[in-house]
Amino acid sequence: MKIIKILIVLPILMSCNLNSQIINFPDPAFKAMLLQADTGNNIGGGVKIDANDDGEITQSEALTVFYSSIQTSGNITNITGIGFFTNLQTFQLVGNLIQTADLSSLINLGSLDLGGNQLTSINLNGLTNLWFMNIGGNQLTEVDFSTLAALKILIIGQNQLTHLDFSNNPMFEQLRCADNPSLNWVNIRNNRSQVFTQTPFNGCWNNCPNLTTICVDNNEVVTAQNFLSSCGITQPITVTTDCSLGIVDEEKDSGVMVYPNPSADGKFFFTNQEGKFSTVSVVNSLGEVVVKPFDCAQGNNSVDLSGMADGVYLLLLEGDGVRKTAKVMKE
């Protein structure tokens, strides 16, 4: 009889424990905004998040929110705690002061708007339902889209990006990327027809003075060229189906040496003279990223391509204002 009572009481205690787990929000401004959520506003999508009016938000209360829109400009600098809102399908927080955002736990997220903040980094890893995203008007230098299988529309103008790679996004088709002064190349070769007309979510790629290369699918070269022309873009831009052309050697005297090259086992070592490079990644001949960027500033100066097919690859080394590529061959 005692065992039966224990088994009955245990789930109740576990449930109470979940309900009592209070979420820590390091930014009081963000917490205060969420506590204002009520049936008459969209902060919680018409949901009163703090259901018991205790001035706290528990994990169970967070799970009641499917939509959140915070359109009020303010002093929100940190959205840590949003990761517990795992049922969120739409999240908007614009015109604030957020610098970093880790959204990787929001696996149900379909629409994201963090425009007009101060983002320098964003983690979107594993968001396979995310189809619309606005992260324009930030300070981003690099964004990894490779796990966003459903991504269709992206607004990412007014940032500090050097490249955009959508080769692993089979649904991607609309892009706004104007006003990226450091943007050098765009890879939209993804076996899907791009929208090369102006729509509410697809605009001209103006004010990208360093854009030199756009890689497209085989049937899109002329269409892309006409799109650039219709936008009044006159700078020389190569529109190609060879994505390896997008990797440009911008630092010829960087002193990079790769050895052994060729390599029979696919293992390469490289120099990092004076530690000027902070990250390294590897792309194949189609411009597809096969080794995601990793930190090489602390002496991690090796790349293992033993699991890759034989052929030519490009090591892309990047640092503060420095970029270098090196061809390697696995045979």
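Buried means under 20% relative accessible area, exposed means over 50%, and partly exposed lies in between (1.4 Å probe, protein chains only). This is a predicted model, in which local features need pLDDT of at least 70 and side-chain atom pairs count only at pLDDT 80 or more, while totals for chains, interfaces and linings use all residues. Residues are numbered from 1 along each chain as its sequence is written, and side-chain values use heavy atoms, with hydrogens and water left out.

**View 1. A salt bridge joins lysine 330 and aspartate 310.** A salt bridge puts a side-chain nitrogen of Lys or Arg within 4 Å of a carboxyl oxygen of Asp or Glu. Here the closest N and O atoms are 2.9 Å apart. Lysine 330 sits in strand β19 (residues 322-330), aspartate 310 in the loop between β17 (302-304) and β18, and the pair links distant parts of the chain, 20 residues apart. Strands are DSSP runs (E, at least two residues), numbered from the N terminus. Aspartate 310 is exposed because its relative accessible area is 54%. Lysine 330 has 8%, so this residue counts as buried.

**View 2. Aspartate 144 and lysine 292 meet in a salt bridge.** The N to O distance is 3.7 Å. Aspartate 144 lies in the loop between β6 (132-134) and β7, and lysine 292 in strand β16 (residues 289-295), so the pair ties together parts 148 residues apart in sequence. Aspartate 144 is partly exposed, at 38% relative accessible area. Lysine 292 is partly exposed too, at 40%.

**View 3. Lysine 48 and aspartate 53 form a salt bridge.** Their side chains come to 2.9 Å, N to O. Lysine 48 is partly exposed at 28% relative accessibility, whereas aspartate 53 is exposed at 57%. The structure holds six salt bridges.

**View 4. Six strands form an open, parallel sheet.** Their order is β1-β2-β4-β6-β7-β9. The edge strands, β1 (67-70) and β9 (174-176), each pair on one side only. Two strands pair if DSSP finds at least two bridges between them. Neighbouring strands are turned by 5° against each other on average, direction ignored. The angles, from 0 to 180 degrees, are taken between N-to-C directions of lines fitted to C-alpha atoms. Three bridges join β7 (residues 153-155) to β9. Isoleucine 155 has arginine 176 in β9 as its bridge partner.

**View 5. Four strands make an open sheet with parallel pairing.** The order is β8-β10-β11-β12. At the edges are β8 (163-165) and β12 (238-240), each pairing on one side only. The twist averages 10° from one strand to the next. Three bridges join β11 (residues 213-215) to β12. Threonine 213 stands opposite threonine 238 in β12.

**View 6. Serine 281 lies in strand β15 (residues 279-283).** Serine 281 is buried because its relative accessible area is 6%. Leaving out residues up to four places away in sequence, serine 281 touches Val291, Lys292, Pro293, Leu314, Leu315 and Leu316. Contact means heavy atoms within 4.5 Å.

**View 7. Glycine 319 belongs to strand β18 (residues 311-319).** Glycine 319 is partly exposed, at 23% relative accessibility. Threonine 279 is 40 residues apart from glycine 319 in sequence, yet their C-alpha atoms are 6.7 Å apart. Leaving out residues up to four places away in sequence, glycine 319 touches Lys276, Phe277 and Ser278.
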